[in-house]
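Hi everyone, thanks for coming along. I'd like to walk you through a structure that may be new to you, so please take a look at it on the screen.

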Amino acid sequence: LTGKRGAFGTRLTFARRVGPGRKDVYVADFDGNNQGRVSSGKGTAMLPSFGPGGVWYSVLSQAGMYITHTGAKEKPVITGNGLNMGVSLCGGRAYFSSTRDGNSDIYSSALDGSDVRRLTNHPGIDVSPSCGPSGQIAFVSSRHGGPQIFVMSAAGGEPKRITYKGEHNQTPAFCRDPDNPMIAFSGRDGGGFDIFTVSLKTGEYTRLTQGQGVNQDPAFSPDCRMVAFASSRGGIFISSPEGLNQTKVISGAVSTVRWSR
């Protein structure tokens, strides 16, 4: 009726530590039902994201870290020296951070792992790319000191700094509404981490959590009407973009929450 797809029928993906040296990737309905493991259960899998071929995630191996997806049955898809992790999928390409050329920078590749392109080249640490509307990606960079959120074209180019408040901002997630672009992120402002949003149009900040434990790894619902995040209160919570009506939908210690589109 509204012309926008709502949250019904969408899914969450997240990582969960299940034992010493063991971490697995799971999916669940957005309301917490039908949880299931999608990684092999044989090692350390983390940093999931939805994309073509299923759920994409990083696997830590003796040789480093590679990126795979559920359709590949945990065979390496994006490889390279060092750590390759934090993938986000959009526009027919995969965006990820890699230490293949030294310190961590942002790269993109074709979905089969070919045609790798370096998008940032800076002595600072660049990680956690997140696809946005209008051919943009957000990422975290320490190029101005402490970690802050930047946005740039998905083809590369000069990044624009988005966050100026807080001493440590990380894990950006776009609201992909081109009429109201926002980024949710976790930030530390003198204490533990909390969830914030910032408008790319006005620069206005909204704080969703405060004095409610440690809250990290936010993700917008497809219609941007809800935000999911991991909390030390014991699971994944969903709230409005203003932080109202916070409801726990998945119990247990989890990390790196992402929402399907």
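Let's begin with Thr13, which sits in strand 1, the stretch covering residues 11–19. Before I go further, please keep in mind that this is a predicted model. Is Thr13 buried or exposed? Its relative accessible area is 0%, so Thr13 is buried. A polar atom of the Thr13 side chain lies 2.9 Å from the backbone oxygen of Tyr26. For a sense of distance, take Gly92: it is 79 residues from Thr13 along the chain, and their C-alpha atoms are separated by 20 Å.

Now let's step back to the whole protein. How many helices and strands does it have? The count is zero helices and 23 strands. The chain has 261 residues, and a compact globule of that length would have a radius of gyration near 18 Å; the value here is 17 Å, which agrees. The C-alpha trace spans about 45 × 40 × 40 Å along its principal axes. Of the 261 residues, 54% are buried. Looking at contacts with a separation of 6 or more, 32% of them are between residues 24 or more positions apart.

What about the surface? The protein exposes about 11,500 Å², and carbon and sulfur atoms supply 50% of that. On the charge side, there are 28 positive and 19 negative charges, and their mean positions are 5 Å apart.

You'll find Arg143 in the loop between strand 12 (136–141) and strand 13 (148–153). Arg143 has a relative accessible area of 18%; the cut-off for buried is under 20%, so Arg143 counts as buried. Which side chains make polar contacts with that of Arg143? One is Asp126, at 2.7 Å, and another is Ser141, at 2.8 Å. Not counting residues up to four places away in sequence, Arg143 touches Thr120, His122, Gly124, Asp126, Phe150 and Pro159.

Our next stop is Thr163, in the loop between strand 14 (160–161) and strand 15 (168–175). Thr163 counts as buried because its relative accessibility is 0%. A polar atom of its side chain lies 2.9 Å from the backbone nitrogen of Ile149. The Thr163 side chain also makes a polar contact with the side chain of Asn169, at 3.4 Å. Both Ile149 and Asn169 are on the list of residues that Thr163 touches, and so are Gln148, Phe185, Val198 and Tyr205.

Finally, Leu208. Where is it? Leu208 is in the loop between strand 18 (205–207) and strand 19 (215–220). With a relative accessible area of 4%, Leu208 is buried. Along the sequence, Leu208 and Glu242 are 34 residues apart, yet C-alpha to C-alpha they are 5.6 Å apart in space. Glu242 is one of the residues that Leu208 touches, and others include Ser239, Ser240, Pro241, Gly243 and Gln246. Leu208 also touches Ile195, Phe196, Thr197 and Val227.

Key: Residues numbered from 1 in each chain as written. Predicted model: local features only at pLDDT ≥ 70, side-chain atom pairs only at ≥ 80, totals over all residues. Heavy atoms only, no water. Helix = DSSP H or I, 4+ residues; strand = E, 2+ residues; numbered from the N terminus. Rg over C-alpha atoms; globule rule 2.2 N^0.38 Å. Buried < 20%, exposed > 50% of the residue type's maximum accessible area, 1.4 Å probe, protein only. Contact = heavy atoms within 4.5 Å. Areas by Shrake-Rupley, 256 points an atom, 1.4 Å probe, with all protein chains shown as cover. Lys, Arg positive; Asp, Glu negative; His and termini not counted. Charge placed at Lys NZ, Arg CZ, Asp CG, Glu CD. Polar contact = N/O pair within 3.5 Å; in protein donor to acceptor, adjacent residues only side chain to side chain.
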